[in-house]
Amino acid sequence: MEEPAAAQSTFNRFDPAFLTDPYPFYRTLHSQPPLILQLELPTALLARYADVVAALRDFRTFSSAPIRQISQAHIFGGVPTLILTDPPVHTRLRRLVNQAFAPRRIREMEPRIRQIANDLLDKVENAGSFEAMKDLAEPLPTMVIAEVLGVPADDYQMFKQWSDALLEVSNVPPGAPPPAGFEEALAEEREYFRQRYEELRRKPGTDLMSMLIQAQEKDALTFDEVAGFFNLLLLAGNETTTNLIGNGLYALMRHPEQWELLRRESSLMPSAIEEMLRWDCPVQATGRNVIQDCEFAGVRMRAGTMVVVLNGAANRDPAQFPDADRFDIARTPNDHVAFGEGIHFCLGAALARMEGSIAITSVLERFPRLRLGDAEPVYKRSFNVRGLINLPLSLE
Ligand code: HEM
């Protein structure tokens, strides 16, 4: 068994060059066992597909609960949150929300999502210019999640601001003070939740929040847990889907032959969405903590080791995906891990796939001659969540 050499590699998740293009670095990790780095804590980097899948399936060794209150933990305001819990708490919370995200419930939302996409693209057509992030990729998921949560879609700009400010916390090193605007955003979001909570308690609708409030009244959930769901869904359902649409459109624009193929063969849309998720995935990394000493993939890991699970690297592992760096919208099979694996597999996967598919189809139908604009798209300076700040496109 290999001893975990304290390999200090070039891994620096705050380096702008790495954030712009992390894939060359990942390539160096595919041919070796997990690296153990001495960062703030001993940190294991999992990049090979088989290692990522094995770790995500083994929640008894790799826990989702934060080791200690490092800054990321506060992103959800410190309230109990599905994504940061292990069984049995996770099992109870997940059971309560699974129903609301069942594929049948999601299909019922299709006409409404299509209408939102069309309204947004009407504005683009009238303006004659298309900034794909601002005009479509950002507002669409935020407006959809507002409807899921039973809050007015018109409040979406506020949600976007909070979600941006809260996510910024994952861009500061553990232990560093929270970024400017973080506490304010959390306080405002909390206050907004409290008001909506009272309203929905008095006058419940058919939305998810009303359902959760009813569960709370039967003592199946605490008030803090309801608040945690609201917060989590606002964040998890927003930025990720925005980046599926943004990264996906950008990938198609950089591969015009794939755009043409999709235009000719619309039946490829489902596999095209999977390839967008694999090739430039919105969630590049998820976190786990080792809670019992173990030997994993031939490497000794001690309890207390932080684990950076590189979903984005696993999706480019040539041992799993032939010609892994090629963007191929017809790729099958395509068992990517963009939505994770195991008990924390993305709750909103069906919704995200549908939003992505409706957004890209609507753009393709309206603007078949779409191509990249003159300005260079720039990636945000976030490691875990990968997405663009801007994506100017030309309609001609
Ligand atoms: C393309 C868009 C999306 C991507 C790439 C994505 C990715 C992920 C990933 C990788 C995980 C697993 C995290 C882990 O293992 O620690 C996850 C979990 C989760 N996602 Fe998504 N997600 C997307 C959209 C959404 C949407 C639209 C929603 C809700 C409306 C959502 C809600 C959640 C929730 C609640 C969890 C936690 C599940 C659990 O812990 O059991 N996601 N997502």
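A297 counts as partly exposed, because 16 C-beta neighbours sit inside 10 Å of it. Its place is the loop between β6 (294-296) and β7 (299-301), and its phi is near 50°, a positive value in a residue other than glycine. Keep in mind that this is a predicted model. Below is a quick tour of some other spots, starting with the ligand.

**Around the ligand**

- The ligand has 25 residues around it, and the ones that come nearest are G237, T240, G340, C346 and G348.
- Three helices each supply at least two residues of that shell: α12 (223-236), α13 (239-254) and α17 (349-366).
- By type, the shell splits into 15 nonpolar residues, nine polar ones and one charged one.

**Helix α9 and what covers it**

- Helix α9 takes in residues 156-167, twelve residues in all.
- From its first C-alpha to its last, α9 reaches 16 Å, close to the 16 Å expected at 1.5 Å a residue.
- Which residues of α9 are buried? They are Y156, F159, W162, S163, A165, L166 and L167.
- The cover over those buried residues includes α8 (139-149), α10 (182-202), α12 and α13.
- Two of those covering helices, α12 and α13, also turn up among the helices that supply residues to the ligand shell.

**The five-stranded sheet**

- Five strands make an open sheet with mixed pairing, and their order is β1-β2-β8-β5-β3.
- At the edges you'll find β1 (35-38) and β3 (62-63), each of which pairs on one side only.
- β1 and β2 pair in the antiparallel sense, with four bridges between them.
- To get from β1 to β2, the chain goes through a hairpin of three residues.
- On to the next pairing: β2 (residues 42-46) and β8 (residues 306-309) run parallel and are joined by four bridges.
- Here L45 has V308 in β8 as its bridge partner.
- Helix α3 (residues 49-57) lies across β2, β3, β5 (286-290) and β8, and runs at about 125° to β8.

**The three-stranded sheet**

- There is also an open sheet of three strands, in the order β4-β10-β9, with antiparallel pairing.
- β4 (130-131) and β9 (371-372) stand at its edges with a single partner strand each, so one side of each has no neighbour in the sheet.
- Between β9 and β10 (residues 392-394) the pairing is antiparallel and rests on two bridges.
- Look for L372 if you want an example: its bridge partner in β10 is L393.

**A closer look at L120**

- You can find L120 in helix α6 (residues 110-127).
- Why does L120 count as partly exposed? The reason is its 19 C-beta neighbours inside 10 Å, since a residue needs 20 or more to be buried and 12 or fewer to be exposed.
- Leaving aside residues up to four places away in sequence, L120 touches D135, L136, P139 and L140.
- L120 and D317 are 197 residues apart along the chain, and their C-alpha atoms are separated by 37 Å.

**Cis peptide bonds**

- Going from P87 to P88, the peptide bond is cis, with omega near 5°.
- P88 has its place in the loop between β3 and α4 (89-98).
- Another cis bond runs from T332 to P333, with omega near -5°.
- Where does P333 lie? Its spot is the loop between α16 (311-314) and α17.

**Another positive phi**

- D323 has a phi near 50°, again a positive value in a residue other than glycine.
- The loop between α16 and α17 is where D323 is found, and P333 lies in the loop between these helices too.
- Is D323 buried or exposed? D323 counts as exposed, because it has 9 C-beta neighbours inside 10 Å.
- A297, where this tour began, counts as partly exposed with 16 such neighbours.

Key:
Residues are numbered from 1 along each chain as its sequence is written. This is a predicted model: local features need pLDDT of at least 70, side-chain atom pairs count only at pLDDT 80 or more; totals for chains, interfaces and linings use all residues. A residue is near a molecule or strand if its C-beta atom, placed from the backbone, lies within 6 Å of it. Ala, Val, Leu, Ile, Met, Phe, Trp, Tyr, Cys and Pro count as nonpolar, Asp, Glu, Lys and Arg as charged, and the others, Gly among them, as polar. The expected span of a helix is 1.5 Å times one less than its number of residues. Two residues are in contact if their C-beta atoms, placed from the backbone, lie within 7 Å. Two strands pair if DSSP finds at least two bridges between them. Axes are lines fitted to C-alpha atoms, for helices over the stretch in contact, and angles run from 0 to 180 degrees between N-to-C directions.
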